[in-house]
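Dear colleague,

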Amino acid sequence: MRLPLMLFLLSALAPVFFGKVRTAPLWLALQAVALAWMAVLHHAEWSFHTLSAVLELVLVRGVIAPWLVQRAIRLRADPDIPLMPSNLFAWAIGIALIVLAFDFGGAAMEDGPALALGVVGAMVAMVLLILSTNSAPCAQLVAVLFMENAIAVFESVLPVPWPWPVHLMLTVVYLLTVGMGSWLIGRPEVVR
């Protein structure tokens with residue numbers, strides 16, 4: 001479970017420090033691949049729940065969401081804005097929040113759930129930092145989608161997965177979030 005968590009962490013933190021909004025769909029797709037990988041590893045036996053979770057992760061979070069975000073970014077005038085301001089102060093705060101998040105994950109980093117809690121904590125901290133430092137609607141939508149993916153990481157470490165109706169409702173919330181956000185971004189006269 002360590003490798004997909006590391007892939008997820010890399011695809012979540014690299015765009016925050018080094019990425020522009022136009023690269024966000026790629027990072028969202030990589031996060032979906034890491035989430036699907038975690039779902040396959042977490043559920044040793046294949047069941048309807050496992051198959052539906054993997055399909056949802058790949059199709060909804062790996063294909064549909066990045067496509068809608070890319071489409072909205074293309075319609076928007078400024079795709080080259082960074083997700084987080086490129087200044088030393090913001091970076092120092094971001095790094096301190098990541099260290100603090102992994103401290104909450106526990107001292108035993110060989111333990112999968114502790115590492116996953118650190119990853120979720122780092123994601124939540126980075127999302128809050130993006131939301132507080134960037135007022136661009138594209139960046140805020142990407143931050144909210146990163147938060148939704150952090151919720152999926154949290155679900156991946158639960159001993160018993162959430163019931164199928166709860167998982168379905170989270171998928172509906174994710175689709176509504178990406179759909180409404182992409183629609184609002186693609187219509188600049190509505191956002192103003």
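Which helices each supply at least two residues of the lining of the largest cavity? They are helix H2 (24-42), helix H3 (48-75), H6 and helix H7 (164-186), where helices (H or I, at least four residues) and strands (E, at least two) are DSSP runs, numbered from the N terminus.

Before going further, please note that this is a predicted model, in which local features need pLDDT of at least 70 and side-chain atom pairs count only at pLDDT 80 or more, while totals for chains, interfaces and linings use all residues. Residues are numbered from 1 along each chain as its sequence is written, and side-chain values use heavy atoms, with hydrogens and water left out.

The cavity

A search of the whole structure finds 1 cavity of 30 Å³ or more, and the largest cavity has a volume of about 180 Å³. Of the 16 residues in its lining, those closest to the centre are Ala53, Ala152, Glu155, Ser156 and His167. Here a cavity is a set of points, on a 1 Å grid over the protein atoms alone, where a 1.4 Å probe fits but cannot get out, and lining residues have an atom within 4 Å of a point. Grid points are joined across faces, edges and corners, and a volume is the space filled by probe spheres set on the points.

H3 gives the most to this lining, with 5 residues. By kind, the lining of the largest cavity divides into 7 nonpolar, 6 polar and 3 charged residues, where Ala, Val, Leu, Ile, Met, Phe, Trp, Tyr, Cys and Pro count as nonpolar, Asp, Glu, Lys and Arg as charged, and the others, Gly among them, as polar.

Helix H6 (residues 137-156) has 20 residues and reaches 29 Å from its first C-alpha to its last, close to the 28 Å expected at 1.5 Å a residue; the expected span is 1.5 Å times one less than the number of residues. Because 14 of its 20 residues are buried, H6 is largely enclosed by the rest of the structure, and buried means under 20% relative accessible area, exposed over 50%, and partly exposed in between (1.4 Å probe, protein chains only).

Ala139 lies in helix H6 and counts as buried, at 0% relative accessibility. Ala139 and Met84 are 55 residues apart in sequence and 8.3 Å apart in space, C-alpha to C-alpha. Ile185, which is found in helix H7, is also a buried residue, at 3% relative accessibility. Arg74, in helix H3, is exposed, with a relative accessible area of 56%, and from Arg74 to Ala152 there are 78 residues in sequence and 27 Å in space, C-alpha to C-alpha.

The aromatic rings

A search of the whole structure finds 2 aromatic pairs. Phe17 and Trp91 form an edge-to-face pair, 5.4 Å centre to centre with 80 degrees between the planes. Rings of Phe, Tyr and Trp (its six-membered ring) pair if their centres lie within 6.5 Å, and planes under 30 degrees apart count as stacked, over 60 as edge-to-face and the rest as tilted. Because Phe17 lies in helix H1 (residues 2-18) and Trp91 in helix H4 (residues 88-104), this pair ties together parts that are 74 residues apart in sequence. Phe17 is buried, with a relative accessible area of 11%, whereas Trp91 is partly exposed, at 25%.

The rings of Phe18 and Trp91 have their centres 5.3 Å apart and their planes at 90 degrees, so that pair is edge-to-face. Phe18 counts as exposed, at 64% relative accessibility. Ring pairs link Phe17, Phe18 and Trp91 into a cluster.

With best wishes

Methods: 1 Å grid on protein atoms, 1.4 Å probe; cavity = no way out; pocket = protein on both sides within 12 Å on 5 of 7 lines; lining within 4 Å.
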